[in-house]
Amino acid sequence: GRAPIMRLPTALTLLAALVTIPAGATPPTWHDDAERAFAAARESGRLVLVDLYADWCGWCKVMDEQVFATPEFAAFARDYELLRVDVEDGGEGSEIQRRYGAASLPTLLLLDGKRALIGQVQGFHPTAKLLGRIRGELNKHALATSAYERTLAGSDAALWERKAFEWHRRGDGARAAALFAKLVERPEADPLKAAWQRYYLADSLRLDLRFAEASSALAGARAAARAAGAEPLGERIDWLGFAIARDARDCARAQGALDQLEKEHPSSPLVTEARRDWTSLKSVAQCS
């Protein structure tokens with residue numbers, strides 16, 4: 001179900017309506033289309049600052065009027081692609097909220113052009129405090145990146161695995177894939193564990209938008225899963241075949257992968273998820 005979101009007193013919503021935009025402030029321009037925002041970020045090398053909101057969210061209105069309209073925020077935001085999404089739109093906004101577990105509003109997400117999570121700031125904060133929080137998230141990410149580089153250069157397989165899953169949870173496919181690739185290259189006595197490592201390598205490559213490599217790695221995961229007799233993993237692998245085609249906007253392959261998933265695993269909750277994504281894909285990619 002949808003993550004719970006805090007509701008606010010009516011008086012606060014009325015207060016937001018009385019707030020005026022500071023004189024001389026030029027509100028920054030926000031994308032309202034996620035695909036275009038992330039494409040622009042990949043082209044420019046900028047991060048995406050995502051504002052999650054809902055129409056009933058009073059603090060979101062206060063944030064818009066008292067923070068986003070200030071010259072200080074406008075100057076800061078020049079280095080970012082700005083995206084505003086409604087978490088109740090039943091589409092991209094709802095999916096972004098689910099993907100990053102944003103349980104309250106307002107929430108700001110810092111994502112890169114491939115949607116990897118850099119950081120997030122929850123709740124209302126005055127401009128100076130908000131910008132400080134964002135910079136703090138950037139600093140924490142920089143420290144995590146430095147630790148990743150040390151891990152990648154090391155030889156501790158247990159640490160590779162732990163950090164690979166951490167980066168995968170962030171949606172950082174590039175770093176996760178580099179670590180899972182090191183795990184796959186080494187001998188693994190447990191065939192089931194080896195199959196799962198190959199699965200996560202394929203999924204990390206998908207997150208990094210390397211779809212051909214992801215498909216190739218998925219074939220290796222499928223063979224390893226069959227050898228290990230891992231039926232639950234086979235279900236995940238069939239879903240990932242659909243997810244790769246979905247993210248690549250390959251309508252024909254996505255339809256075929258969905259048909260396969262429905263045929264092989266008709267009672268799986270992954271089928272419901274895939275059907276929802278297929279409906280969204282048909283709208284975005286104009287699949288027939």
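## Close-up views of the predicted chain

**View 1. Leucine 49 meets leucine 110 in strand β3.** The bridge partner of leucine 49 in β3 is leucine 110. Their strands, β1 and β3, run antiparallel with 5 bridges between them; two strands pair if DSSP finds at least two bridges between them. Strands here are DSSP runs of E with at least two residues, helices are runs of H or I with at least four residues, and both are numbered from the N terminus. This is a predicted model, in which local features need pLDDT of at least 70 and side-chain atom pairs count only at pLDDT 80 or more, while totals for chains, interfaces and linings use all residues. Residues are numbered from 1 along each chain as its sequence is written, and side-chain values use heavy atoms, with hydrogens and water left out.

**View 2. β3 and its hairpin with β4.** Leucine 110 also stands opposite glycine 119 in β4. β3 pairs with β4 (residues 117-122) in the antiparallel sense, again over 5 bridges. The hairpin has 5 residues between the strands, and arginine 115 takes a positive phi there, near 75 degrees. Thr107, Leu109 and Leu111 point one way from β3, Leu108 and Leu110 point the other way, and all are buried. Buried means under 20% relative accessible area, exposed means over 50%, and partly exposed is in between (1.4 Å probe, protein chains only). With 5 of its 5 residues buried, β3 is largely enclosed by the rest of the structure.

**View 3. The parallel pair, β1 and β2.** β1 (residues 47-53) lines up with β2 in the parallel sense over 7 bridges.

View 4. Leucine 105 and proline 106 are joined by a cis peptide bond, with omega at about -5 degrees. Proline 106 sits in the loop between α5 (92-100) and β3 (107-111). For background, most peptide bonds are trans, and most residues other than glycine have a negative phi.

**View 5. Two loop residues with positive phi.** Leucine 209 has phi near 65 degrees, a positive value in a residue other than glycine. Leucine 209 belongs to the loop between α9 (191-207) and α10 (211-228), and with 33% relative accessibility it counts as partly exposed. Arginine 249 isn't a glycine either, yet its phi is positive at about 60 degrees. Look for arginine 249 in the loop between α11 (231-247) and α12 (251-264); its relative accessible area is 33%, making it partly exposed.

**View 6. Alanine 245 in helix α11.** Alanine 245 is part of helix α11 and is buried, at 0% relative accessibility. Not counting residues up to four places away in sequence, alanine 245 touches Asp250, Arg253 and Ala254, where contact means heavy atoms within 4.5 Å. The C-alpha atoms of alanine 245 and serine 215 are 9.0 Å apart, with the two residues 30 apart along the chain.

**View 7. Zooming back out.** The chain has 13 helices and 4 strands. Its C-alpha trace spans about 65 × 45 × 35 Å along the principal axes. Of the 288 residues, 44% count as buried. Take the contacts between residues at least 6 apart in sequence, and 66% of them join residues at least 24 apart.
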